[in-house]
Amino acid sequence: MLMVTTEYIAGKELEMLGMVKGSTIQSKHLGSDIAQSFKTLVGGELKSYTEMMNDARALATKRMCEEAEALGADAIVCVRYAGSAVMQGAAEVIAYGTAVKFRTV
């Protein structure tokens, strides 16, 4: 699935199909959460959380693409990501955009 952050795709005429989105809420297990809290005392990257957020973005993107494919889309334009903490150690990631079909001229 072609995904772009722009409102258009050069050389393509687009038919808008509608908004599509995918989301997930991810958390780390308690042991990892405790270990990462100690890391905040000395500073540096919290690699466990970086991996968690990368996995969450990948899953949200996959779900958004599946929704677009179900509509028969060729691409998704205006792709955006948003995230929020829903509780200590858990975060929601949502991916959204506009599903489009290429028009044949």
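Reader: Which residue in β4 is the bridge partner of Met 87?

Author: Bridges show how strands pair up. This model is predicted. In it, Met 87 has Ala 90 of β4 as its bridge partner.

Reader: How many bridges join β3 to β4, and do they run parallel or antiparallel?

Author: Look at the strand directions. β3 and strand β4 (residues 90–103) run antiparallel, joined by 10 bridges. They form a hairpin, with 2 residues between them. Check the turn too: Gly 89 there has a positive phi of about 80°.

Reader: Which strand does β1 join?

Author: Strand β1 (residues 2–3) joins strand β3 (residues 75–87) through 2 bridges. These strands run parallel. Met 3 has Ile 76 in β3 as its bridge partner.

Reader: What is the order of the strands in the sheet?

Author: Read across the sheet, strand by strand. The order is β1-β3-β4-β2, in an open sheet of 4 strands with mixed pairing.

Reader: Which helix lies across the strands?

Author: Helix α2 (residues 47–70) lies across β1, β2, β3 and β4. Its direction makes an angle of about 145° to β2.

Reader: Is Thr 24 buried or exposed?

Author: Compare the relative accessibility with the cut-off. Buried means under 20%. Thr 24 has 8%, so Thr 24 counts as buried. Thr 24 is in strand β2 (residues 13–27).

Reader: What is Thr 24 in contact with, beyond neighbours within four places in sequence?

Author: Its contacts include Ala 56, Leu 59, Arg 63 and Val 93.

Technical notes
Residues numbered from 1 in each chain as written. Predicted model: local features only at pLDDT ≥ 70, side-chain atom pairs only at ≥ 80, totals over all residues. Heavy atoms only, no water. Buried < 20%, exposed > 50% of the residue type's maximum accessible area, 1.4 Å probe, protein only. Contact = heavy atoms within 4.5 Å. Pairing = 2+ DSSP bridges. Axes fitted to C-alpha atoms, helices over the stretch in contact; angles between N-to-C directions.
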